[in-house]
Amino acid sequence: MEQKKLLIITYYFPPAGGPGVQRWLKFVKYLPEFDVQPIVYVPENPTYPIVDEGLVSEISDKVIVLKNKIWEPYQLASIFSKNKTKKISSGIFPQKKKQTFLDKIFLWVRGNLFIPDARVFWVKPSVSYLEKYIQENNIDTIVTSGPPHSLHLIGLELQQKLKVKWFADFRDPWTTIGYHKALRLSSYAEKKHKNLEHKVLNSADEIIVTSKTTKTEFEAITNKPITVITNGYDVETVEKQTLDTKFTLAHIGSFLSDRNPPFLWEVLVELLKEVPEFKTHLEIKLIGAVSQEVLDAIQEHQLNDYLNLVGYVSHKEAVAHQRKSQVLLLIEINSEDTKSIIPGKLFEYMVSNRPIIAIGPQGSDFADIVTQTNTGVFFDYSEKAKLKSVILDFFNQFLEGKLQSHGIGLQQYSRKNLTKQLAQLIKG
């Protein structure tokens, strides 16, 4: 049987690091097993906030990778402040009350002059490049993956010009994502974002989302078919890890300002006072980019002596930390806008055999997953007493050498199974 050709238009692909790259890197790995030939189109000279060269070796040798130059204003903005540019491009914004004049200018420019995002200048050259490639290679199906949502505009134009079947994949929502409100949008810019979102959702042949809440939100905007395909976990070749000797509470990934959970720090302070052994064993291990607001909160609660600030590590090292840490922290912003967010690392956490403490808004999509798979305990931001009780229980199990999770029904979230769903959808 001849393989179906699928053109995948994405911005994040190795050597990009961070969670945004994993979804399509893994789909591409397994698609050939389901008779789909992946052709990936990426920028030749991107401005990635995180680089992980180790991921390059994970690109399947069966994939065709196309590259085309991109111009991004981040390249120009970094002349004025490389640090601020890097943080904004990765979604780390300072809290409103702590924003400097330069912060406000950067956010206003990002939100109002570059719509839907700073990769919008890649749209026209990409359409020109891909129009020719699609015709010469008899491709009839494309996928655009966003954010950046500019990539959906590439899909929109190609569909209009060539009548290809277009799947719009939303790894995150568009106008309801948490940081959208931080962009200091004018009423004109806000309206333009919503108009573009409406146009994309009502033009794409089919829409793919990562959570049921996003599906519900989009169903209010479009009648087009919407399929939920979550992120997942892959088989990782990591050496067997020896568990940390400390009672490590590990957060892996970007720890944004708005994810700062004051009640967690309060619980740890109380346990340090009430449980003598807790002082000897506690370690707060933060791996990845951490906002200054989170670090300030830890200092204000006098927890600095227990902090191990590891910083960014490769994906392989991150997986090793997941498997040797005693407890894994999964924290999402306490907002209605973040109920639909299912952090990609959740699925890797679930197969690490380590218990998860998951914190988020009441009704979060990931709460159901954590509960149904028996891989941890979910808390909303009002459940301080429950959080304290569970951490103490985990600590006592740690002292007895019995702390671990007992996951059930995890296979449904394997990358291979999820790719099978995708292939069936693509092939109709």
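Q: Before we get to helix packing, what are the axes in this kind of comparison?
A: Axes are lines fitted to C-alpha atoms, for helices over the stretch in contact, and the angles are taken between N-to-C directions. Keep in mind that this is a predicted model.

Q: Good, so how do helix 1 and helix 16 cross?
A: Helix 1 (residues 22-30) and helix 16 (residues 415-427) have axes that come within 9 Å and cross at roughly 80°. Angles of 65 to 115 degrees count as roughly perpendicular, and helix 1 and helix 16 are therefore roughly perpendicular to each other.

Q: Which residues meet there, in helix 1 and helix 16?
A: From helix 1 you have Gln-22, Arg-23, Trp-24, Lys-26, Phe-27 and Tyr-30, and they meet Arg-415, Lys-416, Leu-418, Thr-419 and Leu-422 in helix 16. By class, that contact has 5 nonpolar, 2 polar and 4 charged residues.

Q: Changing topic: at what angle do helix 5 and helix 6 pack?
A: Helix 5 (residues 123-136) packs against helix 6 (residues 150-162) at about 45°, and their axes are 9 Å apart. That angle makes helix 5 oblique to helix 6.

Q: And is the crossing of helix 5 and helix 6 left-handed or right-handed?
A: Right-handed, as helix 5 passes helix 6.

Q: Which loop holds Pro-147, and is its bond from Gly-146 cis or trans?
A: Pro-147 sits in the loop between strand 4 (141-146) and helix 6. The peptide bond from Gly-146 to Pro-147 is cis, with omega near 5°. The bond from Pro-147 to Pro-148 is cis too, with omega near 0°, and Pro-148 belongs to the loop between strand 4 and helix 6.

Q: What lines the largest cavity?
A: Asp-234, Glu-236, Val-319, Gln-322, Arg-323, Glu-348, Val-351 and Ser-352 do. Helix 12 (residues 315-324) gives the largest share of that lining, 3 residues. By class, the lining has 2 nonpolar, 2 polar and 4 charged residues.

How values were computed:
Residues numbered from 1 in each chain as written. Predicted model: local features only at pLDDT ≥ 70, side-chain atom pairs only at ≥ 80, totals over all residues. Heavy atoms only, no water. Axes fitted to C-alpha atoms, helices over the stretch in contact; angles between N-to-C directions. Helix = DSSP H or I, 4+ residues; strand = E, 2+ residues; numbered from the N terminus. Parallel < 35°, antiparallel > 145°, perpendicular 65-115°, else oblique. Left-handed = near helix turned anticlockwise from the far one by under 90°. 1 Å grid on protein atoms, 1.4 Å probe; cavity = no way out; pocket = protein on both sides within 12 Å on 5 of 7 lines; lining within 4 Å. Nonpolar A, V, L, I, M, F, W, Y, C, P; charged D, E, K, R; others polar. Contact = heavy atoms within 4.5 Å.
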